[in-house]
Amino acid sequence: MKRRLLLPIALFALSLPLIAADSAAPSPAGAADFSQFKTADDFWKHLEKLQEQPKDQPKSREEALGLMSKWLGDQKVAADAFAQKFPEDPRRWQSKMLSLRAAGQMRRFSGQPVVLDEDRKAIAAIVNAPDAPEPVKGEAAFMGVMMLTSAFDKDKADTFVAFHKAAAEYLTKFPQHALAPQLKSIQLRVLDMDPSAEGQALLKEYANSSDARVAEAARGQLEKRQKTADLKTKPVDLKFTATDGKEIDLAQMRGKVVLVDFWASWCGPCIAEMPNVVSAYKKLHEKGFEILGISLDQDKAAMEGALKKHEMTWTQYFDGEGWKNKISTSFGITSIPATWLIDKKGMLRETELRGEALAKGVEKLLAE
């Protein structure tokens, strides 16, 4: 089963602010006139001015997206024009980098593919340019490494191995770059979902890092992996009193496929994924599919509002403790959404199914 993964990070934002992707279209290039800029210095001042945050206060989400799209579009058009008008100026590499960032952001907003072959070629040109400044080369190389995350597939360990190899090469070549610490943090987040043996070995290496924060994060992930591995050795033990007063015992649900869904009404990714969960439930409930929701909400009214709004009609557990939720903490849950798919024998089989993969995973277990 193929499972594409997306990191919950702004891969191409870099120094730019990020707003949610939507249907805003990129600002058209048009027939921009830069003839008033006779010197590279004058044009560069204009480029720097364009990168300042918009001061207009949008009155709606749509207006905000429009302003952001125009802001990025204006930067790209001017950056491309600078590089073309002053092909010998050393700042042309910075302008090319600005163009790449702006274009990637605009594609995110419009729902288009973020990674293009032409971007890879442009990045390679910057990294290999003899006269490109090291900070710009480092930023371009960082973007190149991040592009590899778009290929992540938990069924293909080599997609993760390729990323780690590129990250190691980056940290060797640009150890002092401002983006190096950020790459280490991203790599740790990648390792949290990486199924490869190489990823496990790298986690152990990071657990002994001289950087206390890196070591602590790596050790936490190793402990989480061990807990998950231990859980898969015997039927999951889960008992609780549901919000409707019903006593729930997972052991009494043998013969059914059960999704234990750790979520919260304040969790954006949880709510974004909920239509897929609801769809799978409506489609497969009568065939033996059940869901047990474990809410990490503290506000019961907020939880109940989300249940009604998103048609989440299945059983829920709520204790108002938030991240200290008794069930989630006992299972070592440190991030949500977290989805545990339990087979007919009560064994934990999957922990990260999203989108269409969830229904397919349920159907597979129902057929066993």
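The largest nonpolar core holds 52 residues, and those with the most contacts inside it are Leu238, Phe240, Phe262, Trp263, Phe289, Phe331 and Trp340. A nonpolar core here is a set of buried Ala, Val, Leu, Ile, Met, Phe, Trp, Tyr and Cys residues joined through side-chain atoms within 4.5 Å; buried means under 20% relative accessible area with a 1.4 Å probe, protein chains only. Keep in mind that this is a predicted model, where local features need pLDDT of at least 70, side-chain atom pairs count only at pLDDT 80 or more, and totals for chains, interfaces and linings use all residues. Numbering runs from 1 along each chain as its sequence is written, and side-chain values use heavy atoms, with hydrogens and water left out.

H10 gives the largest share, eight residues. These elements are DSSP runs numbered from the N terminus: helices (H or I) of at least four residues, strands (E) of at least two. Apart from this core lies another one, of 39 residues, with Leu171, Ala180, Leu202 and Leu222 among them.

Now pick out some single residues. Leaving aside residues up to four places away in sequence, Phe331 touches Lys227, Leu231, Val236, Asp237, Leu238, Phe262 and Trp340, where contact means heavy atoms within 4.5 Å.

Over in strand S5 you'll find Gln316, which counts as buried because its relative accessibility is 2%. Its side chain makes a polar contact, at 3.0 Å, with the side chain of Trp263. That term covers a pair of N or O atoms within 3.5 Å; within protein, one must be able to donate a hydrogen and the other to accept it, and residues adjacent in sequence count only if both atoms are side-chain atoms.

Ala280 and Lys360 sit 80 residues apart in sequence, yet 8.8 Å apart in space, C-alpha to C-alpha.

Finally, take a look at the second largest pocket. Its lining has 13 residues, with Pro181, Lys184, Ser185, Leu188 and Val214 nearest its centre. On a 1 Å grid over the protein atoms alone, a pocket is an open set of points where a 1.4 Å probe fits, with protein on both sides within 12 Å along at least five of seven lines; lining residues have an atom within 4 Å of a point. Helix H7 (180–191) and helix H9 (212–231) each give two or more residues to this lining, and H7 gives the most, with six.

Definitions and conventions
Buried < 20%, exposed > 50% of the residue type's maximum accessible area, 1.4 Å probe, protein only.
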